[in-house]
Amino acid sequence: MKQPLPSTVPVLIAGGGAVGLTLSALLSREGIDHLVVEADEGYCSGSRAICMSRRSQEILGWVGADLPLVAKGLSWTGGRSHWRDTEVLHFEMPTEPTQRFAPMVNIQQFYVEEFAHQAAQAQGGFARVQWASRVVAVRPQAQGVQVEIQTPEGSQTVEAAYVVACDGGRSTVREQLGLQLEGTQYDGKYVIVDVVQKTRRAVERLAWFDPPSNPGSTILMHRQPDDVWRIDYQIRDDEDPVEAVKPENVLPRVQSHLAMIGENEPWEPLWISIYNAKCLTLPSYRHGRVFFAGDAAHLVPIFGVRGLNSGLDDAGNLAWKLARVVRGESPDALLDSYSTERLHATRENIAYGAKSTEFMAPPNFAYRLMREATLRLAVSDAQVRSLINPRQSAPIAYVGSPLNVRQTGEWTSERAAPGAPAPEAQLKGEEGVFHLSQLFGHGFVCLAFGGEAPTLDGLGVRSIALPPEVDHLGQAWQRCGLAHAAARALVLVRPDGYVMGRWHGLDPTPVRLALEHTGVLA
């Protein structure tokens, strides 16, 4: 018989999917004891979310889960869109040879869950995952949250100082608190199919609008590891969703399309599901000592791959703040910034996602007419083709965050402005080449340009000098907005890789004031 659950725990994570297990790994990295409660007996089935952005790879890199993910996954940099049988777009995402990660990696979600879980276990005994169990009641208290959990051994109650709901679009925690998502739900539905088939085709995002294989439909394809194709195709508005996912209706459509594009190797289906786009969010991601992350907090369209990627960004934002508060290093009010920042990000993701959805699954005749006109023009007019671009997920700057410190003086670039994700740069140390992003993910980092790193005793900040021999390509100083390699400046980067402030000169006083005035220091 399994050991009973602990009666008290600093943090309880409801939901052990990719977001919950990534948050678990990040909290383990911070040395915070916590309990994960997951209704399933193990990792998810089916591919589900498959495109991992560069930012998500960085977040997983903070706990060492990037290495197995990149080794298993299929990296890609661009894609092609077709109208009927004519290519109308070939796009490439920004990338360069010195980059640490590819813009995207295709990999099934269950691998992400496995690698995040393994990373949590590798950090020591801070995480416990209670499989085949579900949260059934959530009762906020003055100094914590009382959570009732139904396990195979019976019902148990756990007192948690904080609860993070990562329990998906049908969140029990959200329901228990009487909260509702707000926004728009689109009618257009897509069948999602995983099939096993060997192929030599390049790893790209592939799209067809009104293809001869399935007239009137839109089809998306991605290669995945293990010789798996992920195929998404839109069904007609008058089709019954229950009938649409039956194998006898799915397999002929898949066969027709594979034959059209010349993929003639034997194949078999693995998983079939159905999806419709949603632009929904809670108006706040903090309710007392309960926080919401991933699909429990927001539902964004799959077009542009912002779903799971935004959920991992939630985890990356919340983990360091929660850890500091639990350890008594920061006041509880620091946690308010989680909702402020991530809600801002969700609204931007929804704005982009809505535009993509209106093109990929037009909600009415007018949108369908405009899409067809755009596709027709794109055949011969290169200027129109940018309208077809799927606008892939990218890190969002936390404009207006209470943690941003107002900058002064002249800067040559806004890439490292307060609230922006710190720019990547290739560096060279005694042990060889490494990347700036490898310095982030655990504690504050102060980058010093043009001189020795200042002493920041008692602040919990690592101070790191980046002289020209380390910043050997000049990427760091240029992207941080300095006029030349010898310019003296400090750039304070948060544990989640976002810039908090930057100052000309090497006086450490502004760094201390920044941490005090923003409420980071207790």
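Predicted model: local features only at pLDDT ≥ 70, side-chain atom pairs only at ≥ 80, totals over all residues.
Local features need pLDDT of at least 70, and side-chain atom pairs count only at pLDDT 80 or more, while totals for chains, interfaces and linings use all residues. Residues are numbered from 1 along each chain as its sequence is written, and side-chain values use heavy atoms, with hydrogens and water left out.

**The second largest pocket**

- The second largest pocket holds about 690 Å³ of space. A pocket here is an open set of points on a 1 Å grid over the protein atoms alone, where a 1.4 Å probe fits, with protein on both sides within 12 Å along at least five of seven lines. Its volume is the space filled by probe spheres set on the points, which are joined across faces, edges and corners.
- The lining has 27 residues. Lining residues have an atom within 4 Å of a point.
- Arg 54, Gln 99, Ala 394, Pro 395 and Arg 415 lie nearest the centre of this pocket.
- Helix H2 (54-61) and strand S6 (86-92) each supply at least two lining residues. H2 gives the most, with 3 residues. Helices (H or I, at least four residues) and strands (E, at least two) are DSSP runs, numbered from the N terminus.
- By type, the lining divides into 11 nonpolar, 7 polar and 9 charged residues. Ala, Val, Leu, Ile, Met, Phe, Trp, Tyr, Cys and Pro count as nonpolar, Asp, Glu, Lys and Arg as charged, and the others, Gly among them, as polar.

**Salt bridges**

- The structure holds 26 salt bridges. Each is a side-chain nitrogen of Lys or Arg within 4 Å of a carboxyl oxygen of Asp or Glu.
- Arg 201 pairs with Glu 263 at 2.8 Å, N to O. The pair links distant parts of the chain, 62 residues apart. Arg 201 sits in the loop between strands S12 (182-196) and S13 (205-209), and Glu 263 in the loop between helix H7 (247-260) and strand S16 (268-281).
- Arg 376 and Glu 372 meet at 2.9 Å, N to O. Both lie in helix H10 (residues 365-378), 4 residues apart, about one turn of the helix.
- Arg 327 bridges to Glu 329, with the closest N and O atoms 3.0 Å apart. These two join Glu 30 and Arg 324 in a network of salt bridges.

**Exposure of the paired residues**

- Glu 263 is buried at 8% relative accessible area, while Arg 201 is partly exposed at 25%. Buried means under 20%, exposed over 50%, and partly exposed in between (1.4 Å probe, protein chains only).
- Arg 376 is partly exposed at 44%, and Glu 372 is partly exposed at 31%.
- Arg 327 counts as partly exposed at 35%, and Glu 329 counts as partly exposed at 33%.
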